[in-house]
Amino acid sequence: MLRDALLDLEAAWVARGAPVSDLLAPGLEQAQVRESLDRWRAVPDDLIVWFGWHDGSRPGVPAWQLAPSAWSHFSLSDVIAEHDVALQVAEDLVGWADEGFGWSDSWIPFIGIREDVLAIDGLTGQIVRGNLGDPDRFGDVVAPDIETLIRTWLTALDSGYGNFRWDARGFWDMDWLTV
């Protein structure tokens, strides 16, 4: 189950020295998440569980990197802003519409870094990559669901990928030679 995978990921971070409870915001109630996302026709239950786990970083904390990825956990309020930016950028890119590119109204971004975001497709539950700076990496399905994505990250952490550890500066440190 997704909830178990998220708790396992959090435990893996804590085992590597990250003060998760000091950095990540508490989760939200299901009704609040559903109400905030009511602009989408369909919202997968996985996204409700995701924001019930944590609502991004605590106020005043830099964006939380979801190790072993480089992506950050959006807050629920960030989701709508990120979606609107993605729609505008996709519309502004000359030729993308003619080539079949574009940000789908059913995509709900939930993690990202700069112009590279992962979104859950509200209609299918699949995780798609919306890299607005790279048409070759735009719209790729990267996982069938959030749980599969999280389990992949857990496998990477458990295998020693990156040798991630929390450093005294308050960031993830890693050993690039293991990547």
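Me: How do you know that the length of helix H6 (residues 146-158) agrees with what it should span?
Reply: Happy to show you! The expected span is 1.5 Å times one less than the number of residues. H6 has 13 residues, so it should span 18 Å, and its end C-alpha atoms are 18 Å apart, which agrees. This is a predicted model, where local features need pLDDT of at least 70 and side-chain atom pairs count only at pLDDT 80 or more, while totals for chains, interfaces and linings use all residues. Residues are numbered from 1 along each chain as its sequence is written, and side-chain values use heavy atoms, with hydrogens and water left out.

Me: Which residues of H6 are buried, and what puts them on the same side?
Reply: Buried means under 20% relative accessible area, exposed over 50%, and partly exposed in between (1.4 Å probe, protein chains only). The buried ones are Ile146, Leu149, Ile150, Trp153, Leu154, Ala156 and Leu157. They cover an arc of only 160° around the axis, so they sit on the same side of H6. The face turned away from that buried side carries the exposed Thr155 and Asp158.

Me: Why is Arg58 called partly exposed?
Reply: Its relative accessibility is 31%, so Arg58 counts as partly exposed. Arg58 lies in the loop between strand S2 (54-57) and strand S3 (72-73).

Me: And how far apart are Arg58 and Pro26 in sequence and in space?
Reply: They are 32 residues apart in sequence and 7.9 Å apart in space, C-alpha to C-alpha.

Notes
Helices (H or I, at least four residues) and strands (E, at least two) are DSSP runs, numbered from the N terminus. The arc is that of the directions from the helix axis to the C-beta atoms.
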